[in-house]
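Subject: Structure handover

Hello,

The structure is below, followed by notes on what was found in it.

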Amino acid sequence: MSDDRMSETGIRVEEVASVEAPPKARVENAETAPETMGEKLERKRDYLEGFLAAKPAAVEPSAVGGDLYEAVINALKDIYDPEIPVNIYDLGLIYNVEIDEGHAVVTMTLTTPHCPVAESMPAEVELRVGAVPGVGDAEVNLVWDPPWSPQNMSDEARLELGML
C-alpha cells in the first residue's frame, strides 16, 4: 500500500507502508545435506586445480626476464660510477639492452658529456657484458638524447644518495 502526494516544494513523495522481501537465492540440498568440511575443501581444491596445474610460459634466455638477459643486467650492476657510489644501471645510465643470438647491444648515456669517464666507461661496459657466459660479443651505443636526469635513477639509487 502506498500514498502518493506532492510536497510543499513540488517534489512528488511516495510513502510505502511495506515492501515484499526479495527472493532468496536457492542452493540445491543446502538445508537437507549441509556440505562437510572435507567436501568444501575438495570443492576449493577443484577450483584451484587449473591455476596450480598451469605452468609459466617459458622465457627465452635473451628476452627480458630470461637468464642471459638477467646475467647481463647483473654485470651492469657491478659497474659503478667513480664519482657517485651507485651502479650505472640503478643510476639510469642504461637505456636499453638487446641480445640477439649471443650479440648484446647496450644503449647508454653518461651523466654529462663532459664526464671524466666518457672515454673509459663505454669500454668497461663492453668488456663486462662481453664476459657474461652466453654473450659472444658486445656493442655499446653511447647516446646523449634523451639527456640523463636524476629522474632516471631507481628508488634504490635515490635512497642511497639520500634523495628519497
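Which backbone oxygen lies 3.5 Å from a polar atom of the side chain of arginine 158? That of methionine 153 does. The backbone oxygen of glutamine 151 is also in contact, 2.9 Å from a polar atom of the arginine 158 side chain. A polar contact is a pair of N or O atoms within 3.5 Å; within protein, one must be able to donate a hydrogen and the other to accept it, and residues adjacent in sequence count only if both atoms are side-chain atoms. Arginine 158 itself sits in helix 4 (helices, H or I, have at least four residues and strands, E, at least two; both are DSSP runs numbered from the N terminus).

On provenance: this is a predicted model, in which local features need pLDDT of at least 70 and side-chain atom pairs count only at pLDDT 80 or more, while totals for chains, interfaces and linings use all residues. Residues are numbered from 1 along each chain as its sequence is written, and side-chain values use heavy atoms, with hydrogens and water left out.

Two backbone points follow. Most residues other than glycine have a negative phi, and most peptide bonds are trans. Glutamate 101, not a glycine, has a positive phi of about 50 degrees. Its place is the loop between strand 3 (94-100) and strand 4 (103-108), and it is exposed, with a relative accessible area of 79% (exposed means over 50%, with a 1.4 Å probe and protein chains only). Aspartate 145 and proline 146 are joined by a cis peptide bond, with omega about 5 degrees. Proline 146 belongs to the loop between strand 5 (137-142) and helix 4 (155-160).

Regards

Notes: Buried means under 20% relative accessible area, exposed over 50%, partly exposed in between (1.4 Å probe, protein chains only).
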